[in-house]
Amino acid sequence: MNLTTPLTDEVIEQLRAGDKVSITGVIYVGRDAAHKRLVAALDAGEPLPFEPQGQIIYYMGPAPAKPGDPIGSAGPTTSYRMDSYAPRLMEAGLKGMIGKGNRSMPVREAMQRHKAVYFGAIGGAGALIAKSVKKAEVIAYDDLGAEALRRLEVIDFPAIVVNDVYGGDAYEDGLQRYNRER
Amino acid sequence: MKEIHTDQITQAVARLCVESNYYLGDDVLSALRAYREAEVSPVGREVLDQILENAEIARDQQMPLCQDCGLTVVFLELGQEVHIVSGDLNESIADGVRQGYEEGYLRKSMVTQPFSARVNTRDNSPPVIHTTIVPGDRLKIIVAPKGGGSENMSQLGMLKPADGREGVINFVVESVRKAGANPCPPIIVGVGVGGSAEKAMWLAKHSLLRKVGESSSDPEVAELEAEILDRVNRIGIGPQGFGGLTTALAVHVETFPCHIASMPVAVNIQCHSARHKEVVL
């Protein structure tokens with residue numbers, strides 16, 4: 001399924017855990033240290049460096065771009081480290097997260113409550129994923145280096161829906177289907 | 001006594017940092033291909049294909065396999081007849097890391113004071129260096145960048161001697177289950193059994209330097225490796241956690257004698273981007 005950002009509730013409601021998607025448009029990039037600052041800004045009632053309504057945050061810290069390239073290797077980082085921050089951003093209107101690995105129950109519940117989805121990208125496929133990034137710029141927190149907040153323009157960014165708004169979880173489905181312990 | 005100049009060491013380390021991040025070893029590639037053929041999950045096969053394609057792109061475009069170019073772990077096997085001249089050995093290795101990460105467009109992922117400032121050092125220093133003194137007049141340098149996602153899934157269990165072989169197997173299997181999709185499966189499971197707490201962890205990490213698909217030279221340990229691998233691949237986590245038969249490409253176990261009261265078991269998980277390159281000076 002092809003998705004274009006920003007995401008609307010109508011589109012999100014169509015997504016089911018396990019669906020393969022191809023994302024085109026603007027996505028924002030932030031990981032541990034940037035999340036800490038975003039949530040601190042929300043707590044202080046300050047505006048965020050970008051308007052989160054309908055947007056996707058990609059948990060990622062890229063490798064430096066070589067001359068002429070928009071970005072270096074650009075695969076997902078492990079998402080659970082952002083679990084304590086994610087519900088606040090969904091409250092502020094965030095509609096999508098891209099990362100890898102399992103989310104906590106509070107995050108999954110917040111996704112159902114705020115109609116947001118969590119996509120898994122292929123961890124360790126940073127060179128492949130970089131091909132879908134057409135433009136990248138640091139928009140805030142430059143002092144954080146690899147952890148700075150970035151704005152990307154992507155075309156056909158490949159991902160799989162891990163958690164949908166109905167409580168579905170592609171990792172749990174996979175385990176159920178392929179477990180051979182009994 | 002053989003002399004080795006610190007400049008030689010710096011140059012070698014810089015080159016190994018770049019090469020390990022750009023080129024996946026043939027052993028890992030062969031294992032990925034073999035598991036790709038045996039995988040029954042369609043998504044699993046697709047993920048493995050993309051991981052293989054990623055390795056080709058990284059090699060052809062000369063870019064890192066993964067944006068997480070790791071904390072730089074360096075294993076040194078220093079011959080006791082070697083004399084290091086013109087500087088500080090550890091500093092010459094750190095210089096090699098700084099140089100390699102800058103010249104190779106590798107991501108710098110190290111931060112200062114872990115529990116407070118966490119300011120990026122901007123050159124990926126300092127490396128973690130493990131030095132072993134060995135007979136001879138050579139210096140072997142192994143550079144093994146380690147990603148944070150898989151390293152975070154490490155576990156240490158101070159088991160009771162009564163827990164025995166089954167206790168070891170269960171501890172490793174449960175560590176892999178708990179890690180789930182987080183460490184970028186398919187993984188290589190490094191296991192250290194015995195010694196002290198820190199020795200067990202060293203063994204677990206050191207075991208990851210072995211070629212993927214090569215069993216322990218100790219038949220009893222090799223049998224344990226095979227049994228744990230079978231158990232781990234029955235869980236069903238699969239490539240990237242989307243379900244399948246390929247959760248681990250290999251299980252490597254190293255052992256060491258231990259105290260009458262103890263049975264330390266350490267698990268150090270390696271993601272599929274199993275990077276390490278070495279040189280002998």
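Biologist: What mean pLDDT does chain B have?

Modeller: This is a predicted model, and the predictor gives the complex an ipTM of 0.95 together with a pTM of 0.96. Where pLDDT is low, predicted coordinates should not be read in detail. In chain B, 100% of the residues reach a pLDDT of 70 or more, and the mean is 97.

Biologist: Which element gives the most to the side of chain A that touches chain B?

Modeller: The contact between the chains takes in 39 residues of chain A and 44 residues of chain B. On the side of chain A, the elements that give two or more residues are helix H5 (126-130) and helix H6 (170-178). By class, this side of chain A has 18 nonpolar, 15 polar and 6 charged residues. With 7 residues, the element that gives the most is H6(A).

Biologist: Which element gives the most to the side of domain 1 of chain B that touches domain 2 of chain B?

Modeller: The domain assignment divides chain B into domain 1 (2-20 + 65-146) and domain 2 (149-274), and their centres, taken over C-alpha atoms, are separated by 26 Å. The contact takes 8 residues from domain 1 of chain B and 5 residues from domain 2 of chain B. By class, the domain 1 side has 5 nonpolar, 1 polar and 2 charged residues. The element that gives the most to that side, with 3 residues, is strand E5 (residues 139-146) of chain B.

Biologist: Are H2(B) and H3(B) roughly parallel or roughly antiparallel to each other?

Modeller: Helix H2 (residues 26-38) and helix H3 (residues 42-61) of chain B pack with their axes 9 Å apart, at an angle of about 155°, and their crossing is left-handed. The contact joins B:Leu29, B:Leu32, B:Arg33, B:Tyr35 and B:Arg36 of H2(B) to residues of H3(B) that include B:Leu48, B:Ile51 and B:Leu52, and by class the contact has 7 nonpolar, no polar and 4 charged residues. Because angles over 145 degrees fall in this category, H2(B) and H3(B) are roughly antiparallel.

Biologist: What is the handedness of the crossing of H1(B) and H4(B)?

Modeller: Helix H1 (residues 6-22) and helix H4 (residues 89-103) of chain B have axes 7 Å apart and an angle of about 40° between them, which makes H1(B) oblique to H4(B). Among the residues in contact are B:Ile9, B:Val13 and B:Cys17 of H1(B), along with B:Ile93, B:Gly96 and B:Gly100 of H4(B). By class, this contact has 10 nonpolar, 7 polar and 3 charged residues. The crossing of H1(B) and H4(B) is right-handed.

Biologist: How many nonpolar, polar and charged residues does the contact of H6(B) with H8(B) have?

Modeller: The axes of helix H6 (residues 164-179) and helix H8 (residues 219-232) of chain B come within 10 Å and cross at roughly 40°, so the two helices are oblique to each other, and H6(B) passes H8(B) in a right-handed crossing. In H6(B), B:Arg165, B:Ile169, B:Val172, B:Val173 and B:Val176 meet B:Leu224, B:Glu227, B:Ile228, B:Arg231 and B:Val232 in H8(B). By class, the contact has 7 nonpolar, no polar and 3 charged residues.

Biologist: What is omega for the cis peptide bond that joins B:Pro185 and B:Pro186?

Modeller: Most peptide bonds are trans. The bond from B:Ser125 to B:Pro126 is cis, with omega near 0°, and B:Pro126 is found in the loop between H4 and strand E4 (128-134) of chain B. B:Pro186 is found in the loop between H6 and strand E7 (187-194) of chain B. For the cis bond that joins B:Pro185 and B:Pro186, omega is about 10°.

Biologist: Where is B:Ser86, and what phi does B:Ser86 have?

Modeller: Most residues other than glycine have a negative phi. The place of B:Ser86 is in the loop between strand E3 (82-85) and H4 of chain B. Although B:Ser86 is not a glycine, its phi is positive, at about 70°.

Notes. Residues are numbered from 1 along each chain as its sequence is written. Chains are lettered from A and ligands numbered from 1 in the order in which they are written. This is a predicted model: local features need pLDDT of at least 70, side-chain atom pairs count only at pLDDT 80 or more; totals for chains, interfaces and linings use all residues. pLDDT is the predictor's confidence in each residue, from 0 to 100. Two residues are in contact if their C-beta atoms, placed from the backbone, lie within 7 Å. Helices (H or I, at least four residues) and strands (E, at least two) are DSSP runs, numbered from the N terminus. Ala, Val, Leu, Ile, Met, Phe, Trp, Tyr, Cys and Pro count as nonpolar, Asp, Glu, Lys and Arg as charged, and the others, Gly among them, as polar. Axes are lines fitted to C-alpha atoms, for helices over the stretch in contact, and angles run from 0 to 180 degrees between N-to-C directions. Angles under 35 degrees count as roughly parallel, over 145 as roughly antiparallel, 65 to 115 as roughly perpendicular and the rest as oblique. A crossing is left-handed if the near helix is turned anticlockwise from the far one by less than a right angle, and right-handed if clockwise. Domain bounds come from an automatic or database domain assignment.
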